[in-house]
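Colleague: I am new to this one. Please take me through the terms and what stands behind them.

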Amino acid sequence: MITTSQLGLDIQKIRARFPILNQKVNGQDLVYLDNAASNQKPIEVIQAIDTYYKTINSNVHRGVHHLSQVATDAYELSREKVRKHLNAAHTHEVIFTRGTTESINLVASGLGKGLVKEGDEIVITAMEHHSNIVPWQMLCEQTGAKLRVIPMNSKGELELEEAKQILNEKTKLLSFCHVSNALGTINPAKELIQMAHAVGAWVMVDGAQATPHLTVDVQALDADFYAFSSHKIYGPTGIGILYGKEELLNLLPPYQGGGEMIKSVSFEKTTYAELPHKFEAGTPSIAEGVALGSAIDFMNELGMDNIAAHENALLGYAHQELKKFANIRFVGEAKNKASVVSFLLGDHHPFDVGMILDKLGIAVRTGHHCTQPIMAQFEIPGTVRASFSVYNTFDEVDKLIAGLKKVEQMLG
Ligand code: 7TS
């Protein structure tokens with residue numbers, strides 16, 4: 001058993017910053033391995049929300065009074081932190097949304113207002129979360145455009161040769177996950193973006209599972225749109241980001257109408273605010289936005305490379321130990337993977353495995369992970385998924401393995 005990270009981070013010290021981890025579940029120390037669904041929050045993020053409401057709560061972009069200005073500054077500082085984190089060219093290319101799902105819907109809905117027409121094609125991949133399927137299906141239903149899907153092989157890697165055939169001059173947009181939530185596959189984002197740009201298509205990247213683990217540089221990738229959720233990167237729920245290139249965000253019509261997003265309103269004509277406010281109707285999640293900035297500070301303090309190195313070590317160790325089960329079936333065996341291991345143990349239903357692990361205090365995700373087409377391709381009802389964050393330990397991987405041995409004893 002390896003007890004500490006050999007990679008420069010003091011994991012016990014990091015764990016101490018996550019109050020939620022220090023608890024018993026069903027009489028056992030909590031082992032939280034459902035990080036791909038939502039990861040836990042360090043004390044700095046929790047305190048940022050507390051401090052916000054205790055000291056600066058006020059509506060943003062409105063008042064000349066002191067609190068409103070301080071709240072606006074704190075909220076806008078977070079936007080700048082996100083810009084820097086993604087290496088976006090401009091702060092106004094960073095739109096606050098409710099999360100990845102809303103970011104994708106914002107773009108799909110905007111394209112539906114005259115930018116996508118019958119005969120156009122929208123391309124996604126076989127490994128998308130429902131959030132990156134359904135909005136495009138709705139857009140296609142509405143406009144008569146056609147949805148096309150880049151297939152993947154049995155390891156859970158995209159078929160790039162087929163992608164070249166599928167992308168063509170009719171393709172209006174390619175949208176794909178940077179990292180798959182169910183398989184852990186890291187997709188070759190830059191290559192896919194180049195392929196789509198070569199046929200004149202725009203590209204949206206679903207970064208929900210990449211931003212917790214990888215350094216993302218939207219300019220180096222040349223992504224047109226990039227979406228992620230705060231709650232998967234140690235930040236609060238209810239807030240996320242849509243990055244978009246300025247010229248494309250200017251082309252897209254507003255998503256929702258209301259306060260904040262206008263320049264002037266009369267009953268005859270309304271004009272819209274400049275970016276980013278054009279896409280931010282209504283009072284936003286201010287405390288959450290401020291706390292997202294603290295989550296980004298947390299990740300930068302640790303270093304994205306250190307986070308990735310620790311998580312990769314955990315993933316490697318988990319694979320090595322899981323392989324020792326004679327009847328394990330891995331779902332997702334791509335060469336390039338991040339932080340997720342999905343598997344089936346014999347013919348035990350994932351729910352049964354998950355329930356027994358829960359009795360042992362071990363939280364894993366079971367089911368289809370909002371990726372039913374992936375499960376259909378592999379002809380399985382779902383998987384057991386363990387996913388790692390920086391605070392997880394090798395000891396916790398050992399507990400997972402011991403838990404699975406118990407599952408075998410109980411279920412045969
Ligand atoms: N895209 C991917 C790749 C995701 O993993 C998720 C959430 C979403 C989009 C949607 O993010 P949201 O924050 O807008 O809900 N994934 C998961 C998961 O794997 N288990 O629970 C949620």
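**The ligand and its surroundings**

Modeller: Start with Gln 209: an N or O atom of its side chain lies 2.7 Å from an oxygen atom of the ligand. This is a predicted model, where local features need pLDDT of at least 70, side-chain atom pairs count only at pLDDT 80 or more, and totals for chains, interfaces and linings use all residues. Residues are numbered from 1 along each chain as its sequence is written, and side-chain values use heavy atoms, with hydrogens and water left out.

Colleague: Which distance goes with Lys 232?

Modeller: A ligand nitrogen is 2.9 Å from an N or O atom in the Lys 232 side chain. For Arg 385, a ligand oxygen is 2.7 Å from such a side-chain atom.

Colleague: How much of the ligand does the protein bury?

Modeller: The protein buries 87% of the 490 Å² that the ligand exposes when taken alone. Areas come from the Shrake-Rupley method with a 1.4 Å probe.

Colleague: How many residues surround the ligand?

Modeller: 15 residues do, Thr 101 and Asp 206 being among the closest. Near means a heavy atom within 4 Å.

Colleague: Which domains supply the shell?

Modeller: Domain 1 (5–42 + 303–411) and domain 2 (46–300) each give at least three residues. The bounds come from an automatic or database domain assignment.

Colleague: How many residues of domain 1 are in contact with domain 2?

Modeller: 43 residues of domain 1 touch 36 of domain 2, where contact means heavy atoms within 4.5 Å.

Methods: Polar contact = N/O pair within 3.5 Å; in protein donor to acceptor, adjacent residues only side chain to side chain.
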